[in-house]
Amino acid sequence: MILEYKGKLPTIHPTAYIADNAVITGDVIIEEDVSIWFHTVIRGDVAPVYIGKKTNIQDQSMLHQSPNKPLIIEEGVTAGHQVMIHSAHVKRNALIGMGTTLLDGCQIGEGAYIGAGSLVPPNKIIPANTLAFGRPAKVIRELSDDDSKEMNRIRNDYMKKGRYYKSMQKSD
C-alpha cells in the first residue's frame, strides 16, 4: 500500500519490488533494485526516508524517524527480518541482523555487520567492516573475508528474489 501524506507521495524506482502488503507513506525515496518485503512499514511522515540501490528491507521491518532527523540507508544494505530503524544512517553494504533495533542518530559504518537481536543506542557509531553485537551493541571484531563474502551472497540472493517476485506481480 503506497500512501500520500500531507502532499508527499513516496518516490519508488520502477525496478523496486514492493510486497503487496507492505505500507509505504510520505516522504520516502526508494532507488533501483530495492526490495521491500512482506508486512514491512516505512513511514516518511515525520522526516525523509532514503533507501539506496540494491538494498533489501526484509519481512516485518519498521522504518520511521524523529522530527528533523532523516533515516538514510545507503546502497547495498541488508536489513533482516523484523528490524526497526529509527532516524539512523546505515552506510553502504552493511548488514543489520534479524530483530535488531537502530535508534536515533546512530551510524552504521560501511560494510559493518550488526548481529541479530542487537540494540544500537542513540548516536552510537559502529565503525566500518566490524561485527557489533549485543544490547547495547558493542564492536566484537573486524570482519573476515568470509564474513564479507556471506554478506554479499545474502544481498545478491535478495536482489534476485526481489526481481523474481517483481516479475510475478500483476501490472497496473
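## The chain as a whole

The chain of this predicted model contains one helix and 20 strands. Its radius of gyration is 15 Å, which is close to the 16 Å that the globule rule gives for 172 residues, so the chain is as compact as a globular protein of that length. Taken along the principal axes, the box filled by the C-alpha atoms is roughly 45 × 35 × 20 Å.

Of the 172 residues in the chain, 45% are buried. The accessible surface of the chain comes to about 8500 Å², and carbon and sulfur atoms account for 54% of that surface.

## The cavity

The structure holds one cavity of 30 Å³ or more, and the space in the largest cavity is about 40 Å³. The residues that line the largest cavity are Thr 15, Tyr 17, Asp 33, Val 34, Ser 35, Met 159, Gly 162 and Arg 163.

Helix α1, which covers residues 145-168, provides the largest share of this lining, namely three residues. When the lining residues of the largest cavity are sorted by class, three are nonpolar, three are polar and two are charged.

## The second largest pocket

The second largest pocket contains about 170 Å³ of space. Its lining is made up of Gln 58, Thr 78, Gly 80, His 81, Leu 95, Ile 96, Gly 97, Met 98, Tyr 113, Ala 116, Ile 154 and Tyr 158.

Both β13 and α1 supply at least two residues each to the lining of the second largest pocket. Sorted by class, this lining has seven nonpolar residues and five polar ones, while no charged residues take part in it.

## Two buried residues

Ala 94 is found in the loop between β12 (89-90) and β13 (95-96). This residue is buried because its relative accessible area is 1%, and buried means under 20%. Along the chain Ala 94 and Glu 110 are 16 residues apart, yet their C-alpha atoms are separated by 5.7 Å. Setting aside residues up to four places away in sequence, Ala 94 touches Gly 76, Val 77, Thr 78, Ile 108, Gly 109, Gly 111, Ala 112 and Met 151.

Asn 56 belongs to strand β7, which consists of residues 56-57. With a relative accessibility of 2%, Asn 56 also counts as buried, because that value is under 20%. Apart from neighbours within four places in sequence, the residues in contact with Asn 56 are Ser 35, Trp 37, Val 77, Thr 78, Ala 79, Arg 155 and Tyr 158. Among these contacts of Asn 56 is Ser 35, a residue that also lines the largest cavity, and Thr 78 and Tyr 158 are also among them, both of which line the second largest pocket.

Val 139 lies in strand β20, which runs over residues 137-142.

In sequence, Val 139 and Tyr 113 are 26 residues apart, and in space their C-alpha atoms are 9.6 Å apart. Leaving out residues up to four places away in sequence, Val 139 touches Pro 127, Thr 130, Leu 131 and Ala 132.

Methods. Residues numbered from 1 in each chain as written. Predicted model: local features only at pLDDT ≥ 70, side-chain atom pairs only at ≥ 80, totals over all residues. Heavy atoms only, no water. 1 Å grid on protein atoms, 1.4 Å probe; cavity = no way out; pocket = protein on both sides within 12 Å on 5 of 7 lines; lining within 4 Å. Points joined across faces, edges and corners; volume = space filled by probe spheres on them. Helix = DSSP H or I, 4+ residues; strand = E, 2+ residues; numbered from the N terminus. Nonpolar A, V, L, I, M, F, W, Y, C, P; charged D, E, K, R; others polar. Buried < 20%, exposed > 50% of the residue type's maximum accessible area, 1.4 Å probe, protein only. Contact = heavy atoms within 4.5 Å. Rg over C-alpha atoms; globule rule 2.2 N^0.38 Å. Areas by Shrake-Rupley, 256 points an atom, 1.4 Å probe, with all protein chains shown as cover.
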